[in-house]
Amino acid sequence: MRIGSAIFLIALGAILAWAVTPGLIPNVDQTLIGYILMAVGVIGLIVSLVMASPSRSRRVSETRSVEDPNTGERITRNESRDDGI
């Protein structure tokens with residue numbers, strides 16, 4: 001479920017729960033269906049926001065410095081990589 005469809009379910013549930021006259025659809029409790037749709041929409045919105053957030057990745061950085069014995073020059077090597085999926 002994406003963010004747009006979750007918001008649509010929340011809006012549809014709110015319309016059924018509060019804006020439509022009860023008893024419009026016979027033998028159906030529109031208010032209960034509206035609350036159920038809103039709950040499903042909120043759960044879907046939370047799940048889609050969690051799935052859309054950037055995952056936690058660890059960046060490992062390593063630096064090595066070595067001095068060349070012949071020239072006395074200092075050589076530095078920087079390496080970084082992502083530890084993650």
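The buried residues of helix α2 are Gln-30, Gly-34, Met-38, Gly-41, Gly-44 and Ser-48, where buried denotes under 20% relative accessible area, exposed over 50%, and partly exposed the range in between (1.4 Å probe, protein chains only). Helices (H or I, at least four residues) and strands (E, at least two) are DSSP runs numbered from the N terminus. The model is predicted, so local features need pLDDT of at least 70 and side-chain atom pairs count only at pLDDT 80 or more, whereas totals for chains, interfaces and linings use all residues. Residues are numbered from 1 along each chain as its sequence is written, and side-chain values use heavy atoms, with hydrogens and water left out.

**Helix α2**

- The cover over the buried residues of α2 includes α1 (3-19), on the basis of contact, meaning heavy atoms within 4.5 Å.
- An α-helix has 3.6 residues a turn, so residues three or four places apart point the same way.
- The 23 residues of α2 should span 33 Å at 1.5 Å a residue, and this agrees with its end C-alpha atoms being 32 Å apart; the expected span is 1.5 Å times one less than the number of residues.
- Ser-48 belongs to α2 (residues 30-52) and counts as buried because its relative accessible area is 8%.
- A polar atom of the Ser-48 side chain lies 2.9 Å from the backbone oxygen of Leu-45.

**Loop between α1 and α2**

- Ile-25 lies in this loop and is partly exposed, with a relative accessible area of 40%.
- Leu-24, Ile-25, Val-28 and Ile-33 make a nonpolar surface patch of about 320 Å²; patch residues have over 30% relative accessible area and no salt bridge, and nonpolar side chains (Val, Leu, Ile, Met, Phe, Trp, Tyr) are joined within 5 Å.
- A salt bridge is a side-chain nitrogen of Lys or Arg within 4 Å of a carboxyl oxygen of Asp or Glu.
- Asn-27, also in the loop between α1 and α2, has a positive phi of about 60° although it is not a glycine.
- Asn-27 counts as exposed because its relative accessibility is 86%.

**Strand β2**

- Asn-78 is found in strand β2 (residues 74-83) and counts as exposed, at 60% relative accessibility.
- Leaving aside neighbours within four places in sequence, Asn-78 is in contact with Glu-62 and Thr-63.
- The side chains of Asn-78 and Thr-63 are joined by a polar contact of 3.1 Å, a term for a pair of N or O atoms within 3.5 Å; within protein, one must be able to donate a hydrogen and the other to accept it, and residues adjacent in sequence count only if both atoms are side-chain atoms.
- Between Asn-78 and Ile-33 there are 45 residues in sequence and 59 Å in space, C-alpha to C-alpha.

Technical notes:
Patches are made of residues with over 30% relative accessible area and no salt bridge: like charges are joined within 9 Å, nonpolar side chains (Val, Leu, Ile, Met, Phe, Trp, Tyr) within 5 Å. Accessible areas come from the Shrake-Rupley method with a 1.4 Å probe; for residues, only the protein chains shown count as cover.
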